[in-house]
Amino acid sequence: MIELHNVSKIFGDALAVDEISFSVPKGKFCALVGTSGCGKSTTLRMINRLTEHSSGDIILDGQAVGAYNPVQLRRRIGYVIQDTGLFPHWNVARNIGTVPRLLKWPASQIRGRVEELMQFLDLPSAEFAHKYPHQLSGGQAQRVGVARALAADPDILLMDEPFGALDPITREKLQSMLAKLQARLHKTVVLVTHDMDEALRLADHLVVMREGKIVQQGSPLALLQKPENGFVDSLLGGLERGLKQASLSRVRAHMTPLGPTLPAQSRIPDTYTLRQALSVMLRDHCERLTVVDKHDVPVGELSLRKLVKEAHAQPGERA
């Protein structure tokens, strides 16, 4: 769906992006990560031509971006930014319906689409449709921004630090919302973020940038297991890489099925990550946990000793 081949961007005498190449298959989630000023936001804006690239090729759905009318191109790509960019003098419903109106959808279709997205993003229409941006919390405004980006059902969604200005609790809730949304809609997503935990949680593919160049790219698990250099290792958490890797795998993939006996220990849902399970073990001073399903019925156990043996024998896959 998205391909960049040897793409560069020069601002005056400054080389902001230096011959980068990566691709994002249809329906996959890619995160651009790196320190401030590394070129990741510039890269994102080159995809929808808010910033024109200086050289190289950018291909969207098999066609060079230069072949598209830039206005029409941006209308078919959802775009979410940190400060939401909502029109302050328009209410929530009108903000969400912006692109469908530009595309001249029938009014009834726009109303239906707005109500559908508001319900999906936990913004009840009766409560929020007539509110204005200044009447919303940061998290609510960001959800409206996501709804607006999705209103015309674009194939591609670009997100530039969408949750960067939010408090940690709200950010985590919106990350969960985005993960559920992606599982349902299967959009092709490119996310710019400085939050490595956010990137690891959401993305199928990571592109690590430094000083305008790509220093490593691959799956989250591949980068955690074998960082290319000290910079990537530091960005991924250094000594905490093992815990970050544990956050990519669910308990259900590592538990021992229910046997004749169960440890009289703490209980954890099978949807927990290994990182959460390890935290419970440390908190409760135990090496074995009872694993329960969504009905709180025991289905197995998780053993610290078994996890250590698995990690030593063969690194686990993301589950």
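Analyst: This is a predicted model.

User: Is Met-159 buried or exposed, and what is its relative accessible area?

Analyst: Met-159 has its place in strand β7, which covers residues 156-160. A residue counts as buried under 20% relative accessible area. Met-159 is buried, and its relative accessible area is 0%.

User: How far apart in space are Met-159 and Val-190, C-alpha to C-alpha?

Analyst: In sequence the two are 31 residues apart, and in space, C-alpha to C-alpha, the distance between Met-159 and Val-190 is 6.3 Å.

User: Which residues is Met-118 in contact with, leaving aside its neighbours within four places in sequence?

Analyst: Met-118 is one of the residues that touch the most other members of the largest nonpolar core. Leaving aside its neighbours within four places in sequence, Met-118 has contacts with Val-92, Ile-96, Leu-123, Pro-124, Ser-125, Phe-128 and Ala-129.

User: At what angle do α7 and α8 pack, and how far apart are their axes?

Analyst: Two packed helices are described by the angle between their axes and the distance between the axes. For helix α7 (residues 138-150) and helix α8 (residues 168-185), the angle is about 20° and the axes are 10 Å apart. That angle makes α7 roughly parallel to α8, and the crossing of the two helices is right-handed. The values asked for are therefore an angle of about 20° and an axis distance of 10 Å.

User: Which residues of α7 and α8 meet, and how many of them are nonpolar, polar and charged?

Analyst: On the side of α7 the residues are Gly-139, Gln-142, Arg-143, Val-146 and Leu-150, and they meet Thr-170, Leu-174, Met-177, Leu-181 and Leu-185 in α8. Sorted by class, the contact of α7 with α8 consists of six nonpolar, three polar and one charged residues.

User: Why is helix α1 largely enclosed by the rest of the structure, and which of its residues are buried?

Analyst: Helix α1 covers residues 40-47, and because six of its eight residues are buried, the helix is largely enclosed by the rest of the structure. The buried residues of α1 are Lys-40, Thr-42, Thr-43, Leu-44, Met-46 and Ile-47.

User: Is Asn-48 buried or exposed, and which residues is it in contact with, leaving aside neighbours within four places in sequence?

Analyst: Asn-48 lies in the loop between α1 and β4, the latter covering 55-60. With a relative accessible area of 2%, Asn-48 is buried. Neighbours within four places in sequence aside, its contacts are Leu-73, Arg-74, Ile-77, Tyr-79 and Leu-158.

User: Where does His-186 lie, and is it buried or exposed?

Analyst: His-186 has a positive phi of about 55°, although it is not a glycine. Its place is in the loop between α8 and β8, which covers 188-193. The relative accessible area of His-186 is 51%, which makes this residue exposed.

User: What is the relative accessible area of Glu-211?

Analyst: Glu-211, which is not a glycine, has a positive phi of about 50°. Glu-211 lies in the loop between β9 (205-210) and β10 (213-218). This residue is exposed, and its relative accessible area is 68%.

Terms used:
Residues are numbered from 1 along each chain as its sequence is written. This is a predicted model: local features need pLDDT of at least 70, side-chain atom pairs count only at pLDDT 80 or more; totals for chains, interfaces and linings use all residues. Side-chain values use heavy atoms; hydrogens and water are left out. Axes are lines fitted to C-alpha atoms, for helices over the stretch in contact, and angles run from 0 to 180 degrees between N-to-C directions. Helices (H or I, at least four residues) and strands (E, at least two) are DSSP runs, numbered from the N terminus. Angles under 35 degrees count as roughly parallel, over 145 as roughly antiparallel, 65 to 115 as roughly perpendicular and the rest as oblique. A crossing is left-handed if the near helix is turned anticlockwise from the far one by less than a right angle, and right-handed if clockwise. Contact means heavy atoms within 4.5 Å. Ala, Val, Leu, Ile, Met, Phe, Trp, Tyr, Cys and Pro count as nonpolar, Asp, Glu, Lys and Arg as charged, and the others, Gly among them, as polar. A nonpolar core is a set of buried Ala, Val, Leu, Ile, Met, Phe, Trp, Tyr and Cys residues joined through side-chain atoms within 4.5 Å. Buried means under 20% relative accessible area, exposed over 50%, partly exposed in between (1.4 Å probe, protein chains only).
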